[in-house]
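The following exercises ask the reader to locate and describe selected features of a protein model. Each task is followed by a solution in steps.

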Amino acid sequence: MIEADELTKTYGRHRAVDRLTFRVLPGRVTGFLGPNGAGKSTTIRLILGLDSPTHGRVRINGRPYRALTQPLRQVGALLDAHATHGGRRARDHLLWLAQTNDIPRGRVAEVLRRTGLTEEGHRRVGGFSLGMKQRLGIAAALLGDPQVLIFDEPVNGLDPDGVHWIRGLIRSLAAEGRTVLISSHLMSEMQLTADHVLILARGRLLSDSGMADLVRSDGGDVLVRTACDTPLATLLTARGATVAPEPAHGLAVTGLDPAEIAATAATHGIALVELTPRPPSLEEVFRRITDPELRYRAEPRPQDAR
Amino acid sequence: MTRFPTSLVAAEWTKLRSVRSTPLILAVATVATIAIAVLQARSTISAWDSWTARARAEFDPVFTTFTGFQLAQMAFALLGILAVTAEYSTGTIRSTFAAVPRRGRVLTAKLLVLGTVALVTGLALAFTAFFAAQSVLAGKHLDVTLDTPNVLRALLGQGFYLCTAAILGAAIGTLLRHTAGATTLTTGLMFLSTTVFKAISPDGSTALIHWSPAAAAEGLTWTTFHDPDWPPPGSALIVCLTYLAVGITAATWRLTRRDV
């Protein structure tokens, strides 16, 4: 478990991270979402004890990172796939990391195998593709078989195969009961992998909720199709809904739930061809939360709804 | 710092031996010292008969054939610099400190490994270059042996000074975190400080000049001819140890108090 309390980091007058309080729990994938410069990487550096917080604290399994003995056995982190010496062979990179924490040498071959790099272990990292470097970074994170895993932008630069592979890996690590924190600005990816989402913008925590709740609670619409859309559109508008025509055929309805729409149609003898609730994509939710202008427009909506 | 973990020393050794710059730098130092020692010995014996009495008096069978060691000193300093700055430039330093949050220990292990490698190689180079040069000088019976006064001290001093250069390079690398900056400062300190100290010293005063690392190196490695600008061997040792102490203290302070 990762616990942050009032975590704050100031660089000069700039607050990179502003009073963050959150818990990252085991057994699920927690997504750390935010635009560039939101403070995700700073927070990760604070978690790993690379930077010292200006105020507040963050603990891993109840202890500050710097107090962990052999931290690689408790926390594995992928920070920047490029952060390896290009002249060093992949195997040697993992070997020195293992040696710092008294991790048995055999683990090097094991993590190379788990990340599909067995054939590349003897090669110098400088010749690696970004995808291979990413795999090597993940191999390094898995080296100490840690309970907590932190991946900063893990799908960056991966080809479709690699993305598929890492998605499976992240899910399986959480299924093994580990604490998994992944940061990303790729909403679509997060929607597929994360169970829980922390949304960060300008150093502040804007949202801390389950993926399902987040997508359900905020926005979305209902797609309605009938033989002839116009009469139903008039009726729904009269009941306070906002109705917009769909590009091809049909209506996008907000402000009424599917049951109310069905009831209205039934009362007036209109046959429904399709009635599909469409949850907002995480991307929309994210943009609404992080963009102050969009947020201003979006927030009154729940009160307006009914 | 109870029970210093040998695992960190093993890790630093793996780091040092697994990059190409290490064997490359050591190879350059080896070729430079031994080849130059042999070449200088050869040119000495071929020109000896035409040398003036003064030139013959200033000839030092060890020191004169050890010019290549200046190149080795620079190479060893670069070995130390790169051992630290390459971690910063590649970003490896974050992995290092995530793996070992006690940064002072990382520095200690790094300096131990670096110092040992530099000392062992430095001594090997000094003795090899010595025997190579003396075998050539024997052609004119100009050679000396390990029993000759000051010779053993000069060879040990050369090895020790190479070790000092490597550690000082690593300390300056830790302070500046940047290869080019650290190389400039280290080169300036090691090779230009004599000139600068001389320029700002009052006439005839050698007190400040003796604090130049290059003068200290010369003070450690002469055998027959001694320039008054060079400190006596004991003082030269103290000068080196002072630079090491200041460098290591500053590096530790910087490392433990600053974010990565």
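**Exercise 1.** State which loop of chain A holds A:Asp145, and classify the residue as buried, partly exposed or exposed.

*Solution.* The model is a predicted one.
- Step 1: A:Asp145 belongs to the loop that connects helix H4 (130–142) with strand E6 (148–152) of chain A.
- Step 2: Although A:Asp145 is not a glycine, its phi is positive, at about 50 degrees.
- Step 3: Buried residues fall under 20% relative accessible area and exposed ones over 50%. With a relative accessible area of 45%, A:Asp145 is therefore partly exposed.

**Exercise 2.** Carry out the corresponding analysis for B:His141: where is it found, and what is its accessibility class?

*Solution.*
- Step 1: B:His141 is found in the loop between helix H6 (103–137) and H7 of chain B.
- Step 2: The phi of B:His141 is positive, about 55 degrees, and the residue is not a glycine.
- Step 3: The relative accessibility of B:His141 is 70%, so the residue counts as exposed.

**Exercise 3.** Describe the sheet that contains E1 of chain A, and explain why one side of E2 and of E4 has no neighbour in it.

*Solution.*
- Step 1: The sheet is open and has three strands in the order E2-E1-E4 (chain A), paired antiparallel.
- Step 2: Strands E2 (14–24) and E4 (55–60) of chain A are at the edges; each has a single partner strand, so one side of each lacks a neighbour in the sheet.
- Step 3: From one strand to the next, the twist averages 20 degrees.
- Step 4: E1 (residues 2–11) and E2 of chain A run antiparallel and are joined by seven bridges; A:Glu3 has A:Arg23 in E2(A) as its bridge partner.
- Step 5: Helix H1 (residues 40–47) of chain A lies across E1, E2 and E4 of chain A, at about 115 degrees to E1(A).

**Exercise 4.** Determine why helix H9 of chain B is described as largely enclosed, and what covers its buried residues.

*Solution.*
- Step 1: Eight of the nine residues of H9(B) (residues 213–221) are buried, so the helix is largely enclosed by the rest of the structure.
- Step 2: The buried residues include B:Pro213, B:Gly219, B:Leu220 and B:Thr221.
- Step 3: Their cover includes helices H4 (68–90), H7 (151–176), H8 (179–200) and H10 (233–257) of chain B.

**Exercise 5.** Which residues touch the most other members of the largest nonpolar core?

*Solution.*
- Step 1: In this core of 148 residues, they are A:Ile150, A:Phe151 and B:Phe76.
- Step 2: H6(B) gives the most to the core, with 16 residues.
- Step 3: Beyond four places in sequence, the contacts of B:Phe76 include B:Leu26, B:Ala118, B:Leu125 and B:Leu162.

Notes
Residues are numbered from 1 along each chain as its sequence is written. Chains are lettered from A and ligands numbered from 1 in the order in which they are written. This is a predicted model: local features need pLDDT of at least 70, side-chain atom pairs count only at pLDDT 80 or more; totals for chains, interfaces and linings use all residues. Side-chain values use heavy atoms; hydrogens and water are left out. Buried means under 20% relative accessible area, exposed over 50%, partly exposed in between (1.4 Å probe, protein chains only). Helices (H or I, at least four residues) and strands (E, at least two) are DSSP runs, numbered from the N terminus. Contact means heavy atoms within 4.5 Å. Two strands pair if DSSP finds at least two bridges between them. Axes are lines fitted to C-alpha atoms, for helices over the stretch in contact, and angles run from 0 to 180 degrees between N-to-C directions. A nonpolar core is a set of buried Ala, Val, Leu, Ile, Met, Phe, Trp, Tyr and Cys residues joined through side-chain atoms within 4.5 Å.
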